[in-house]
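Hello,

Here is the model we discussed, with notes on its ligands below. Please look it over when you have a moment.

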Amino acid sequence: MEVRKVVDALAAGGPAPDEELLELVQARDPAVGLYLFEAASRVRRERVGDGVHLRGLIEFSNHCRMDCLYCGLRRSNLALARYRLSPDDIGEAIDAASSIGYRTVVLQSGEDLLYDAELVARLIHRAKGKGLAVTLSLGERDRDELAYWRRQGADRYLLRHETANPELHRQLRPGRSLEGRIAVLRRLKELGYQVGAGFMVGLPGQTPRDLVADLRLLVDLQADMAGIGPFIPHPGTPLAGATGGSLESTLRMVALARLLLPEAMIPATTALGSMDPFGREQGLMAGANVLMPNVTPPSVRPLYQLYPGKICLDEGAAHCRGCTEARIHRIGRNVAAGPGHCPGWERRQGHDPERIGSIHQ
Ligand code: SAH
Ligand code: SF4
């Protein structure tokens, strides 16, 4: 089938056979890319509107027990100075996020078990006390902790599947497996979290078929959120010499994710913004509807070095808010009001009247 017809069929909610997705992932013609971005933008507008949801991101510890080959926080990167924010410091960042108008905080870190069930619960309480929705992104943690945090009020969990190629996954994440990652994602869903999966584009050894599998997995999981960003090689990792992902191919994956999951929350990631001064705007124009401005204290921001060249290292939280809003308005969009829960999740809750009280705080 002609590739534009494939895009039209996807945009109309038709089936998406792997071979057709593969054609789109591989198409070299920039005009095909533009056609895809326009279709994704249209679907985004029709299904979730022009609002961009803001999530205040707090990167509270760069300690990690894991050794992911792609990541600057991996435990073998001895050149990196490590930090842990105290509960009070994190509390202050939560308060700052609330006072500059964010309705969600994202608490993210390496896999740092020092932040145990109780400590994280206290942070959840602090944020809920301010009326904020809480997203956790703490890696693969115990089932009991995940269940406890959900009971304590955590709303969402971000855990990218990273790559849906099982061999590549095993190589890049020593000691872990794709199967195990998917099991945690399914568990999070059972626990009633709004669940974010996602992947990096341009990992060494990743093929176009792998990217189709990444998209397929997002659909199979019925991900509420899909975080898709370029892989950016970090000099302190074994993948220092790799090429990394391109802006164009990442934008295509964002657009395809929008067509396949029309109501999902899809961020224009910081990594996209780090590749190009207008990377995030381009993400928003290719189907994304979420931005995650940084509210980490600027003193430690440079140390949360997943990849090099990260943007917005010096600015205070209030400046980031202003800059983010200006960028949204410049492309004719607006800041979404309300806590910004995921539509699919809200419907799922609707089937369970016991839970509905806790959603509409
Ligand atoms: N430790 C948690 C959360 C922090 S890492 C976890 O791993 O889930 C957050 C995300 O950063 C990861 O999911 C990964 O997709 C991304 N990341 C890590 N290294 C990166 C790199 N070199 N380039 C781009 N993204 C990277
Ligand atoms: Fe740790 Fe997450 Fe980095 Fe892996 S990607 S090394 S789990 S911070």
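Which cavity is the space taken by ligand 2? The space taken by ligand 2 is the largest cavity. A cavity is a set of points on a 1 Å grid over the protein atoms alone where a 1.4 Å probe fits but cannot get out, and a molecule sits in a cavity if more than half of its atoms lie within 2 Å of its grid points.

This is a predicted model, in which local features need pLDDT of at least 70, side-chain atom pairs count only at pLDDT 80 or more, and totals for chains, interfaces and linings use all residues. Residues are numbered from 1 along each chain as its sequence is written, chains are lettered from A and ligands numbered from 1 in the order in which they are written, and side-chain values use heavy atoms, with hydrogens and water left out.

Ligand 2 is surrounded by Cys64, Met66, Cys68, Tyr70, Cys71, Leu73, Arg74 and Gly110 (a heavy atom within 4 Å). By class, this shell has six nonpolar residues, one polar and one charged (Ala, Val, Leu, Ile, Met, Phe, Trp, Tyr, Cys and Pro are nonpolar, Asp, Glu, Lys and Arg charged, the others, Gly among them, polar).

The space taken by ligand 1 is likewise the largest cavity. Around ligand 1 are 17 residues, the closest being Tyr70, Ser109, Arg160, Glu162 and Ile232; nine are nonpolar, five polar and three charged. A side-chain N or O atom of Glu162 lies 2.6 Å from an oxygen atom of ligand 1. A backbone N or O atom of Tyr70 is 2.8 Å from a nitrogen atom of ligand 1.

Regards

Methods:
Polar contact = N/O pair within 3.5 Å; in protein donor to acceptor, adjacent residues only side chain to side chain. 1 Å grid on protein atoms, 1.4 Å probe; cavity = no way out; pocket = protein on both sides within 12 Å on 5 of 7 lines; lining within 4 Å.
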